[in-house]
Amino acid sequence: DVKTDLNLLLECLKYQMDCPLSQKEALITIYSICQQNSEASEYLREIGGLMFINDLAKSSVHCIVKEAALFTLGIIIESNVYCQQTLCTSALFEDLILFLMKKDSGVNLKRMSVYVILVLVSNNKDGQTYVRDTGCISLLLQLFRTTLSTSEEDLSDENTDPCYQLWSSVCSTLCACVNNPQNEDNQNICCSVFPFAKEWLENCTKPEIVRPICSFLSLTVANNSYVQKYFVSIGGLDTLAKVLLELMHDSCLSHSSAKLAVVVTKTLDACIANYSAMGVVLAKYHTVSELLKLLSNETLNTGEKVSIILTIGHCTEVCEENQCELVQNNGLPLMIQALTESQDEELIKAATFVLQNCKQMTEQLSLKLYGNSLNVNNAEELDVQVRKGCLQDYWKKAKEILHRINSIEKEHDEERLQGEILVDESSVANSEALKSCEVNPADPKMYIERAHGQVYCPQLASKLNDQVLAPSVSSAPRRNETMNAVDAASARQTEQRNIPCSVHELQTDSGSRSHSINGKTACVKNPSGLQAGGYIFLVTFCLPHLDQHTFCSEKTEKARSTSATSSSQKMADLRCLGCTAGLSCNSKTFTDMLRSCLYRCDHHRVILEAEERYRRELYK
């Protein structure tokens, strides 16, 4: 029976005062019974055993009895909340302070005293208050600074080194003083040892040092913006980021490094959870990318992954650099994968938190990345803009040329209409003139006069040299050859419909304005009588070796007659080498052909001048 055993053990303690070993054995048996047994601890308190052990720890002169009694008190307090409330007094804290301050107190006695303080303040707001009011917390901070040297070589095996065990107990006790429940006053006091903790992390990255310090830092800065700012101000956040980088380099080779990196990650998260603006400090160490690498480690459990994702969420909450790094390292697909594949609610909440932070950020980053891409291709963009500007200038000039061409074509259409009217008016007179010029072969005299007479061609005015072209040729064709020549000329006139005014129209226009015809001899005495057929005869029959291109471009002698009217000159001006080119040239040879022609009509002269201006602008 447990109760009977406890009664007998209590009697043994009372009657074995002169035998410290027997008392130690009895104490060991009591804590083994009360460990994780709330009812046994409660029964021991009811029979007065709890207070007797407390008095024994203070009054015994034997160190081994003091140590065993303190350890037993700690076990009983830890297992039963009523025992904790009974012993949580300022008197006990003061007694514990004496044990810690005495020079003759061994390391183990101090360690047991720290353990009792730990169980008194754990989950106990009153205990946190007593530890501060009695000054016990200041003594614990002193032990934190002085128990171990910051030199890594002073560390031995943590399982056998009593100093390390005391230091580790102090770290755990300080964590209990500031957390659960959170105690801001104790947090503000404990931050005084942050510089020392930072120095430890800079000099040693062993798990036995990093773990206790990270736990202490995490709980001390938690939900306390003042302490968080102070830690950042002394460079503590930079130190943690560097430690994480160092551990990440070893995480691919060491499983323990990956686990320790998760501990450091939790500490980072605690430092910026309520002070997200400080996430910018981590950007220069590319902490987000390192966390994404750590997240892909298959050896991590779900809880560790939740801690990593939460840290990423706090890093990217307000820091655009970290947000950009998350996107560039394919962090969003990882978050979506965690959200869709995991069944853990905490992990889903953490991934949702990151995605919500990045909802507006992705739109802003898309614009910024586009802007950055434009900056990177600035030279190409400038070149494109220059080309666009040149094309716009060319289009503007082309539109001007097109407008002028349209104006000229409109003028040509008007002139063609005027020419058709003139043809209609003189059609009757032309037909009579042709009849009067017919030669009867039966009349030798008339045939001789026709054969030996001078025939004058119509006059063509040239704007290029202001000379009147009046070629004169003497010939003696027969009547049927003349009529054939006229028919051939009429056929060519029908094919060349792009010429504004035909040769026949020019001749009839000139003929309509000549002197009146008197009798059959008028065709000999007055050259105008032959204008309807003689000109075509001369060009097509008498001069077969001259094509129309050469005829229009060569320079002739000074005109023998200037009787041609201004109307015939104006209509003749519209005929040039470009007008009669037809399909014999293309876009490459057309310009050279116009340049070689000494006479050019207004239409092709404007086109050539426009192309010359375009070429000069292009070669600038």
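A residue counts as buried when its relative accessible area is under 20%. Asp95, at 18%, therefore falls in the buried class. The model described here is predicted, and the values below are computed from it.

The structure holds 10 salt bridges. One of them joins the side chains of Asp95 and Lys58, with an N to O distance of 3.5 Å. Asp95 belongs to helix H7 (residues 90–101), and Lys58 belongs to helix H4 (residues 49–59), so the contact ties together parts that are 37 residues apart in sequence. Asp95 is buried, whereas Lys58 is partly exposed, with a relative accessible area of 38%.

A further salt bridge links Glu612 and Arg595 through their side chains, at 2.9 Å from N to O. Glu612 sits in helix H34 (residues 602–618) and Arg595 in helix H33 (residues 590–596), so this pair ties together parts 17 residues apart in sequence. Glu612 is partly exposed, at a relative accessible area of 26%. Arg595 is also partly exposed, at 39%.

The side chains of Glu611 and Arg615 meet at 3.2 Å, N to O. These two residues are 4 apart in H34, and therefore about one helical turn separates them. Glu611 has a relative accessibility of 25% and counts as partly exposed. Arg615 is partly exposed as well, with a relative accessible area of 32%. Elsewhere, salt bridges link Asp602, Arg605 and Glu609 in a network.

A nonpolar surface patch is made up of Tyr614, Leu618 and Tyr619. Together these residues have about 330 Å² of accessible area. Tyr619 is located in the segment after H34. Its relative accessible area is 64%, so Tyr619 is exposed.

Glu411 is partly exposed, with a relative accessible area of 44%.

Helix H22 (residues 331–341) has a buried set consisting of Gly331, Leu332, Met335 and Ala338. These residues are on the same side of H22, because they cover an arc of only 125° around the axis. Thr340 and Glu341 are exposed on the other side of H22.

Thr352 is part of helix H23 (residues 345–357).

Backbone geometry stands out at several loop positions. Asn330 has a phi near 60°, a positive value in a residue other than glycine. Asn330 is in the loop between helix H21 (320–328) and H22. A positive phi is also found at Gln36, where the value is near 55° and the residue is again not glycine. Gln36 occupies the loop between helix H2 (20–34) and helix H3 (38–46). Its relative accessibility is 79%, so Gln36 counts as exposed.

The peptide bond joining Asn180 and Pro181 is cis, with omega at about 0°. Pro181 lies in the loop between helix H11 (162–178) and helix H12 (184–190).

Terms used
Residues are numbered from 1 along each chain as its sequence is written. This is a predicted model: local features need pLDDT of at least 70, side-chain atom pairs count only at pLDDT 80 or more; totals for chains, interfaces and linings use all residues. Side-chain values use heavy atoms; hydrogens and water are left out. Buried means under 20% relative accessible area, exposed over 50%, partly exposed in between (1.4 Å probe, protein chains only). The arc is that of the directions from the helix axis to the C-beta atoms. A salt bridge is a side-chain nitrogen of Lys or Arg within 4 Å of a carboxyl oxygen of Asp or Glu. Patches are made of residues with over 30% relative accessible area and no salt bridge: like charges are joined within 9 Å, nonpolar side chains (Val, Leu, Ile, Met, Phe, Trp, Tyr) within 5 Å. Accessible areas come from the Shrake-Rupley method with a 1.4 Å probe; for residues, only the protein chains shown count as cover.
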